[in-house]
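Thanks for coming, everyone. I'll take you through one chain today, part by part. Please have a look at the screen.

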Amino acid sequence: MSRIRWDVLLGVVVLADVVLVFLPSLITLVGKAGETPAEVMGAYALVWFVAAFLTVPLARFVPGSWLVAGGGGLLVAARLVLQGTDGGDAQLYAASAGLLGGLVWLTATAMTVRDAAPVMTGFAGGLAVAAALHAAIEGIDLVWRAGVVPWLLLAVYLALFVFALTRRPSDGGLEAPAEPEAPGAPRIWLAAGPAFLLWGIYTGNAAHAQASAGWSGGVAAAVVAGAAVLSVTVAARPRFWTRHPLVPAAGLVLSAVGFAAGRATVDGVHGVSPGWTVGAQVLGQFALAGCLGWAASVPGPDRPGRRGTAMAGGWLLFVVLMFAYYSAYDLGTPNRWVPVVTAFGVALLVVRAPAPRRENGLEVWAAGAAAVAVLAVAAVPLWRDTGPGRRPVDDGLRVAAYNVRMGYGLDGTMTVTQQADVLRAMRPHVVVLGEVDRAWLLNGGRDSLRLLAERLGMRAIWAPAGDEVWGDALLTDLPVTSVRNTPLVKGGPTGAQALSVGLRWQGRDLTVIATHTQPPPDWSDLGQAEQLAGLVRDAGKDGRQVVLAGDLNLEPGTRPWHTLMGAGLTDALASSRPFATPVTGSAPIDHILVTPGLAGHDATNEDVSYSDHPAIAVTLTAK
């Protein structure tokens with residue numbers, strides 16, 4: 001009977017841990033949120049993936065088992081170092097070294113096995129466990145947590161991985177005689193990297209499910225986590241569950257098409273992920289596991305060098321496709337083809353696979369593990385530390401605005417909880433958020449909006465801008481009377497919108513417009529400013545007071561500023577300017593503007609390093 005490779009399962013969990021730090025470190029530390037040229041950032045990332053190919057020629061001089069142990073040891077050591085870092089270069093280089101160690105370990109593993117089935121089952125199991133763990137800790141991975149408990153948990157699963165490495169079966173090596181038709185043709189090892197990409201973008205991404213309309217965040221995360229664990233049975237017994245490789249291949253492509261097309265207008269907000277996309281995620285995860293299971297039965301010449309090259313090549317495809325997907329937002333080009341093409345490529349690898357000669361029944365174990373995963377996600381509210389209660393001011397309407405930079409500070413650390421603390425201290429009734437990330441693999445795959453809203457005890461209203469899980473939001477504790485958003489005309493590279501929310505405050509109605517403009521260079525086209533001015537005029541036609549807030553990407557006195565002032569707005573922060581910004585160095589481009597019936601006082605400018613923008617707030621009173 002075929003076995004699951006526990007060393008592969010546990011190693012993939014550790015590698016996923018490292019990748020979810022490496023990718024945001026690229027953006028925040030190498031890329032510096034757009035300051036570094038994209039080609040430099042891309043070159044830095046490629047170096048580590050290309051270096052993994054050196055494992056193949058190195059195997060001529062070093063025993064394959066040594067390369068497996070060396071790569072695994074580097075992965076473990078780097079992960080330990082990563083836990084002790086506090087951002088900056090140490091975080092970047094530790095994550096980079098861990099990534100390289102993981103790639104060397106996987107490449108050497110592919111070169112030294114004689115049966116691909118247990119490895120592919122282990123790989124699918126590693127993705128499943130990583131998805132469940134990530135969901136159970138709300139996407140705030142252990143590396144971002146302080147204290148003794150994260151160290152203890154980390155020690156447990158690293159020790160399990162090390163133990164599994166020492167007990168890995170001696171099922172062949174580079175010196176073993178080749179079998180002309182041994183299971184596991186070299187090309188099937190190409191599937192690992194693309195499979196990881198599909199898992200990270202959508203099939204195993206609980207945060208994306210949480211952002212889908214009509215779902216409770218906890219329920220959506222539990223569904224994705226439970227389905228991920230159950231999918232391991234399909235990888236272990238692909239013929240039993242799917243009968244033919246065309247079934248998971250077609251299911252994977254269909255799920256990718258559904259994910260790519262999943263956009264809807266829900267409750268007046270454009271571009272939201274509809275509830276049925278959670279079904280596409282679940283289908284995709286089962287289909288992906290099935291494809292990995294069938295891939296292991298593809299026959300072909302058993303050449304260690306070709307297997308290792310294919311494994312490293314698959315991970316090179318991962319980083320190339322990942323950059324193609326996320327850089328499209330900056331380039332202003334379509335990217336929906338990336339998951340579809342990736343899914344189609346994985347499907348092609350297995351579509352002509354013969355029936356597996358051996359299958360491994362894991363149904364009982366997987367069912368129990370899935371139940372544990374669901375319970376772990378459901379138990380999150382029982383242990384979550386949401387911080388002290390929030391007490392809004394009682395002498396006016398307190399409005400705050402914060403560009404949260406996808407939840408990352410200037411040192412590259414995940415700072416969502418610190419950002420929540422800053423906003424809580426401002427005691428707001430309304431919070432306008434910009435650059436909110438709800439599921440991007442590039443940023444670690446967490447629902448930052450949900451984390452902020454629950455820690456502040458406020459209702460969240462979401463407005464996609466760049467895509468369905470990246471945009472702006474408004475948090476409030478006031479009664480909401482209306483919601484709609486308006487896509488803004490094309491300006492800068494990423495999309496922009498204006499979220500208009502009607503609120504009831506002290507017996508009167510007012511409208512808050514939350515936005516993050518993306519203008520062309522130097523505001524050469526005032527289209528977005530003119531559109532916002534028109535929205536302000538429309539909202540105030542019946543005498544209703546209007547607040548426009550957010551990262552407007554303009555400074556007082558500029559042409560777009562005068563355009564907004566021409567709509568009857570005034571600067572609620574005028575009496576408190578200029579604000580000093582010694583930490584973030586941000587120019588005054590975050591604003592809270594109001595119509596003349598409102599006056600601002602007690603302005604606050606929190607210039608902390610939890611984002612590259614300060615958090616601002618002001619108390620509004622009726623004149």
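UniProt, in an unreviewed entry, places the feature "domain: Endonuclease/exonuclease/phosphatase" at residues 401-613. UniProt positions are given in the numbering used here, feature names are shortened, and annotations may be inferred rather than shown by experiment. A word on the model: it is predicted, so local features need pLDDT of at least 70 and side-chain atom pairs count only at pLDDT 80 or more, while totals for chains, interfaces and linings use all residues. Residues are numbered from 1 along each chain as its sequence is written, and side-chain values use heavy atoms, with hydrogens and water left out.

Back to residues 401-613. The end C-alpha atoms of this span lie 10 Å apart. The span is 19% helix and 36% strand. Helices (H or I, at least four residues) and strands (E, at least two) are DSSP runs, numbered from the N terminus.

Now the division of the chain. Domain 1 covers 6-168 + 184-382, and domain 2 covers 397-622. Those bounds come from an automatic or database domain assignment. The C-alpha centres of the two domains lie 35 Å apart.

How many residues of domain 1 are in contact with domain 2? It is 44, against 38 residues of domain 2. Contact means heavy atoms within 4.5 Å. About 3400 Å² is buried between the domains, and carbon and sulfur atoms give 60% of that. Buried area is the accessible area (1.4 Å probe) that two parts lose on being put together, summed over both. Glu138, Tyr326 and Tyr329 supply 18% of the area that domain 1 buries against domain 2, more than any other three residues.

Next, charges. Side chains of opposite charge can pair when their charged atoms come close. The rule for a salt bridge is a side-chain nitrogen of Lys or Arg within 4 Å of a carboxyl oxygen of Asp or Glu. It finds four across the interface of domain 1 and domain 2. Glu468 and Arg263 form a salt bridge, with the closest N and O atoms 2.6 Å apart.

Which elements build the domain 1 side? Those giving two or more residues include helix 1 (6-30), helix 5 (88-112) and helix 15 (304-331). Helix 1 gives the largest share, six residues.

The structure holds 13 salt bridges. Arg405 and Asp612 meet in a salt bridge at 3.8 Å, N to O. That pair links distant parts of the chain, 207 residues apart. Arg405 is in the loop between strand 3 (397-403) and helix 19 (416-426). Met406 is found in that loop too, between strand 3 and helix 19. Its phi is near 60°, a positive value in a residue other than glycine.

Last, a proline. The peptide bond from Arg577 to Pro578 is cis, with omega near 0°. Pro578 lies in the loop between strand 11 (570-571) and strand 12 (590-594).
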